[in-house]
2 protein chains.
Amino acid sequence: MTTHPFDQAIALEPQGADLFAGHTSEHYWNAISPFGGTTVATLLQAILLHPQRLGDPLAMTVNFAGPIRKGAFTVRAHPVRTSRSTQHWQMEIRQDGEAEPLITGTAVFAVRRDAWSDTESAMPNAVAPEALPRYASPANVPFLEMYDMRYVDCNPLAGGADSATQCWIGDVPSRRLDFASIAAHCDTFIPRLFVRKGGPTPIATISLTINFHVDGAALEKLEGHHTFAKAKANAFNGGYYDQEGQVWSRNGILLATTHQMVWYRDQSL
Amino acid sequence: MTTHPFDQAIALEPQGADLFAGHTSEHYWNAISPFGGTTVATLLQAILLHPQRLGDPLAMTVNFAGPIRKGAFTVRAHPVRTSRSTQHWQMEIRQDGEAEPLITGTAVFAVRRDAWSDTESAMPNAVAPEALPRYASPANVPFLEMYDMRYVDCNPLAGGADSATQCWIGDVPSRRLDFASIAAHCDTFIPRLFVRKGGPTPIATISLTINFHVDGAALEKLEGHHTFAKAKANAFNGGYYDQEGQVWSRNGILLATTHQMVWYRDQSL
């Protein structure tokens, strides 16, 4: 059995005392640094591997302070405070030769329990992914080969006044969903500015937050290897825009909601 | 001229080397710890006061790891990495006698510039706040006296299958909006679980993120001292639910979008 390239990309070697050694992946490379989704997933993986970890991911925020270069990096994941049912973490990624962290983050893990529960945000009706064409992005970066994106509502690069899209997301090759891959899926949606402008423009995620709505036991019951995602922007203003997304399993379970702020350069000025 | 109680609540005394001394406010006290909105605003205020600060708030996440007790506290706000147009921060709040931080957070500040801009999320049509009654909360906690909340769409405690609400928010006494007060407004909405259950139940915010959509220059052009906010939950599951909100100025400028994860106890079990 060979290891999936995603598992290789987020693989970490424990170095003791909250530290883990990792290495960037050629497969999940973006234009000038790694695909942000694998960076988020790698930070999550450090906590999942940590011997003091309590429960499952509840919320995480990752800040992209500087570009990770190709090669080795060090993850620090530190449990700041643990209560009976929640655990708070601080994370960083550093590389040799850099005095300051390239990535910072925080996370909350939690133990869910029996309680009145209800999901208000239902998955939209959608054609099955098998009935849709795989999206061929005009952006020529390696990580896009690792995701099978199928947009259900439109050509996402048609341009127009509305940045909303809906799509199926699958790992290539197909891979069972887990917290790390769900976190990475949260950063795969085509950038909202591309949707509005009808093509690629220079952008970079600055800060990304994910709220998880399921625990590990619920992940065992998921059907299929795809997620279904809706995303939209609230505002583009002065070189920064936001993206809000919702991610469901194929059988309609809300897995995560996600929000990011993105830097952009407007080439029309 | 007397200082507004909100400015007293978030007042900080520089202690050198990223440290600031603060004190909890009787006015903005919640049930067992300070109103989370003032805690968020205090962390923001530390960065706004910091001599190395670049630009205006773009994104911030605050994690509520333990309850702040009445009395003095110390804020640490550290600039992790600064680029030409963005600056990344790590923040903590500690109190004497606690080995671990009670609050952790990260923030990104940024300098906006001329660029193609567009707001997709328009403010809903709403009756003026003067034509609506002030909401009288059944929750008897001090900080609610400091906010004039006026719900436009419904009795927020009617119960039902939809947690969405829309309301005007004003400081008491009336106060000009700034980044700190906008951040605090993001945590004033009636908890989504109260809306669903038709009354108060035990809840606590665990992690709160705010994305800001305006810079300081735009704040100068705001009309009125109210904000208008929409909020909803995506899911309540196993003792944790989320809240998504959008906050506009009275003249319809999108100021911030905000997302939080909340712990709850279900008293019906």
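In which loop of chain B is B:Pro173 found? In this predicted model, B:Pro173 belongs to the loop of chain B that runs between strand 9 (165–171) and helix 3 (179–185). The views below begin with that loop.

**Figure 1. Cis peptide bonds occur at B:Pro173 and at A:Pro173.** In chain B, the peptide bond between B:Val172 and B:Pro173 is cis, with omega about -10 degrees. In chain A, A:Val172 and A:Pro173 are likewise joined by a cis bond, and omega there is about -5 degrees. A:Pro173 lies in the loop between strand 9 (165–171) and helix 3 (179–185) of chain A. As background, most peptide bonds are trans.

**Figure 2. A:Ala17 and B:Ala17 have a positive phi.** Most residues other than glycine have a negative phi. A:Ala17, although not a glycine, has a positive phi of about 50 degrees. Its place is the loop between strand 1 (13–16) and strand 2 (19–23) of chain A. With a relative accessible area of 71%, A:Ala17 is exposed, because the cut-off for exposed is over 50%. In chain B, B:Ala17 also has a positive phi of about 50 degrees and is not a glycine. B:Ala17 sits in the loop between strand 1 (13–16) and strand 2 (19–23) of chain B, and is exposed at a relative accessible area of 71%.

**Figure 3. Strand 14 of chain A pairs with strand 10 and with strand 13.** Strand 14 (residues 254–264) of chain A has 10 of its 11 residues buried, so it is largely enclosed by the rest of the structure. A:Thr258 in strand 14 stands opposite A:Ile210 and is the bridge partner of A:Gly245. Strands 13 and 14 of chain A form a hairpin with 4 residues between the strands, where A:Gly252 takes a positive phi near 80 degrees.

**Figure 4. A:Thr104 has contacts in chain A and chain B.** A:Thr104 is part of strand 6 (residues 103–110) of chain A. A relative accessibility of 1% places A:Thr104 among the buried residues, since buried means under 20%. Beyond its neighbours within four places in sequence, A:Thr104 contacts A:Thr61, A:Val62, A:Asn63, A:Met91 and A:Glu92, together with B:Val80, B:Gln90 and B:Thr106.

**Figure 5. The largest nonpolar core has 60 residues.** B:Met60, B:Tyr147, B:Ile210 and B:Phe212 have the most contacts inside this core. Helix 2 (residues 36–49) of chain B supplies the largest share of the core, 6 residues. Apart from this core lies another, of 59 residues, which includes A:Leu43, A:Leu44, A:Tyr147 and A:Ala229. Residues up to four places away in sequence not counted, B:Ile210 touches B:Val40, B:Leu58, B:Ala59, B:Met60, B:Ala183, B:Cys186, B:Ala256, B:Thr257 and B:Thr258.

**Figure 6. A rotation superposes chain A on chain B.** The rotation is 180 degrees, with 0.0 Å of shift along its axis, and the RMSD is 0.0 Å. This is the relation of a two-fold axis. Both copies use the same surface, as 100% of the contact residues of chain A recur in chain B.

Terms used: Residues are numbered from 1 along each chain as its sequence is written. Chains are lettered from A and ligands numbered from 1 in the order in which they are written. This is a predicted model: local features need pLDDT of at least 70, side-chain atom pairs count only at pLDDT 80 or more; totals for chains, interfaces and linings use all residues. Side-chain values use heavy atoms; hydrogens and water are left out. A nonpolar core is a set of buried Ala, Val, Leu, Ile, Met, Phe, Trp, Tyr and Cys residues joined through side-chain atoms within 4.5 Å. Buried means under 20% relative accessible area, exposed over 50%, partly exposed in between (1.4 Å probe, protein chains only). Helices (H or I, at least four residues) and strands (E, at least two) are DSSP runs, numbered from the N terminus. Contact means heavy atoms within 4.5 Å. Two strands pair if DSSP finds at least two bridges between them. Copies are superposed by least squares on the C-alpha atoms of residues with pLDDT of at least 70 in both.
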